[in-house]
Amino acid sequence: MADQIVITEKTSQAKDIRAAVGSRYGEILPAEGHLFDLLEPEDVVPAWKRWSPILLRPEGLYGTRPAEGGNKAAKLKAIREALRSAKRVWLATDCDREGQLIGQEILEHYGYRGQVMRVLFTAQDSQTIREAFAGAKPNSEYASLYAAAVARRQADQIYNLSLTRTATVVLGRGARGVIGVGRVKTPTLAIVCKRELEIRNFVPVAYFEVVATANVAGGQFRMRHAPQERIVRREIAQDVVNAARRFEGPLGVRVEEKRQGPPKLHDLPSLQKFCSSRFGWPAAKTLEVAQELYDGQGKKIITYPRAEVRYLPESLRKDVPRIVAGLRVGKSFSSIPVPEPPIIRRGASGSFYDKGLEGASHHAVIPNVNTVDDLREIWPRLSIDEKKLFDVIARAYLAAIMPDFRYRQTTATLDVRGFAFHAAGRQPIDLGWRAAFPDWQPADEKGDDAQLLPALRNGEIARLKNPTIEDKETRPPPRYNEGTLIEAMQNAWRFVDDEVLRERLKEAKGIGTPATRAEIIGGLKKQGIFNRPGKEHRPHRDWPVAVRGSQAGRSGAGRPGRNGATRMPARRGRGRQTGDGWRD
């Protein structure tokens, strides 16, 4: 029997590690996600089999038992047998909190007492894997990461099931079915319902703005009277029109040279929001495509996609020249004018910032330095969607090392018999990083403020003509789409009034994790709780019925799964529970 083994999270990981290091570190044995479930409440306290409004918190922690389904039993048996003779274990599961739990819970369940080394990698090419094994650290250094994962899982078990049973018993009033409460799904549904109520209760207000054409020596442009206090009476707007008709007066012109740094690199939430807006992709599709780019056979061209921060460690500055050279072999990137040498921005406003990575398991998503030289060979293997997503990631990386966007901001004002008219415009001086996004125009550069103004001089005379009243109406906030709902979940603290809880949610980066938010939204849609016409998300008009109906006729008691995914019992009877319920 081998005296050391490697435990991976999944079979594809095992294949990549085997290709990279062979059997140098022992037999490589894959898990299949979590190989253990928590015990059910009634397994711990038999009296808890009957549903009642109580806190299902045992003395100590819920124990574990082997999970069922798939090939879990066979894979667990192989690992268990190998552990009997292994003096050293290399944990090579995913580099996040849940990956730590998946590997270590096996060792904890069987009371393994040999040496345990933790292997962390943020890309799955052979070079990265070899370096990760060479730099492995004692697993004891990641005790807090494991403790955080255990706490999350135990909290799900206790509170999801306690609240589900309480809500069902107290609010259900004997009806068949379950009122499911989950740590992530329930507040996500609440966010969407809150927005729906805002929309339904919204009362539009009509108001008016006045626009006119200003003529100067250098040409003409539009000026607008749009005071902070909206004009809600047409007769007042008409007074402004009368004052502006054939008016002549001196312009107040202010010209400022400004600069704008590049946007931050992508984490998973920002990728999901971008792809939802740009391509109309569901959040789950963005993660699926990114995962294939990360660990797909013959691909592996991006780093770990379930990123939760938008910074890079300063140690990765050395990789910049190689990544740039590898990307510029492709036609779509060769025309991007990356300077030589590239511009390295450090600190909170830049890309390379060690402090910004504190508490995070992995850095921003970028091209994989160890496969970028093979991009020309790999590119034909990519699907259209994979090429789209890689293009987004690569352009963000190149933009981050390009000069600032420099422009001239011109603001013109005109006092029209006491009514203030204004106009604004930008003239680019140096596109800088914007050259990496030739077809992109930010939202704040559209409309009147994006107009190209003629040459203007402070004090020169402007003549107004054709003053016109524009009818306007206030609009309700938009419904969430896939990307904006992900963002709302990430910033869930904004919906909380309690200052202490707000700070806790900020620290936790909202509800759910980058890896699970898409699954949460998908689950709500699958259950019919969300009605999704087009790209908008709204609660289904019959969602309470849909929730209860989705619980009936399934098997198994309720138990939390990975990252807050909770399976809840489906029916309440005389002390007997059945049903799989919905995952949260």
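**Exercise 1. Which residue meets R84 in a salt bridge, and how far apart are the N and O?**

Solution. The side chains of R84 and E81 form a salt bridge, 3.0 Å from N to O. A salt bridge here is a side-chain nitrogen of Lys or Arg within 4 Å of a carboxyl oxygen of Asp or Glu. Side chains of opposite charge can pair when their charged atoms come close. Next, check accessibility. Buried means under 20% relative accessible area, exposed over 50%, and partly exposed in between (1.4 Å probe, protein chains only). R84 has 62% and is exposed. E81 has 28% and is partly exposed.

This is a predicted model: local features need pLDDT of at least 70, side-chain atom pairs count only at pLDDT 80 or more, and totals for chains, interfaces and linings use all residues. Residues are numbered from 1 along each chain as its sequence is written, and side-chain values use heavy atoms, with hydrogens and water left out.

**Exercise 2. Which parts of the chain does the R345 and D404 pair tie together?**

Solution. First, the bond: the side chains of R345 and D404 form a salt bridge at 2.9 Å, N to O. R345 lies in the loop between α12 (331-334) and α13 (375-378), and D404 in the loop between α14 (384-400) and β12 (405-416), so the pair ties together parts that are 59 residues apart in sequence. Then, the surroundings. R345 is buried, with 14% relative accessible area. D404 is buried too, at 18%.

**Exercise 3. How many salt bridges does the whole structure hold, and which residues are linked in a network?**

Solution. A search of the whole structure gives 42 salt bridges. E196, R200, R479, E536 and R538 are linked in a network of them.

**Exercise 4. Describe the setting of E209.**

Solution. Locate E209 first: strand β8 (residues 206-216). Its relative accessibility is 14%, so E209 counts as buried. Next, list the neighbours. Contact means heavy atoms within 4.5 Å. Leaving out residues up to four places away in sequence, E209 touches R224, H225, A226, T468, I469, E470 and K472. Finally, look at R224. A polar contact of 2.7 Å joins its side chain to that of E209. A polar contact is a pair of N or O atoms within 3.5 Å; within protein, one must be able to donate a hydrogen and the other to accept it, and residues adjacent in sequence count only if both atoms are side-chain atoms.

**Exercise 5. What is the strand order of the open five-stranded sheet, and which strands stand at the edges?**

Solution. The order is β2-β1-β5-β6-β7, with mixed pairing. β2 (27-30) and β7 (137-138) stand at the edges; each has a single partner strand, so one side of each lacks a neighbour in the sheet. Two strands pair if DSSP finds at least two bridges between them. Two bridges join β6 (residues 115-118) to β7, and these strands run antiparallel. M117 stands opposite P138 in β7.

Terms used:
Helices (H or I, at least four residues) and strands (E, at least two) are DSSP runs, numbered from the N terminus.
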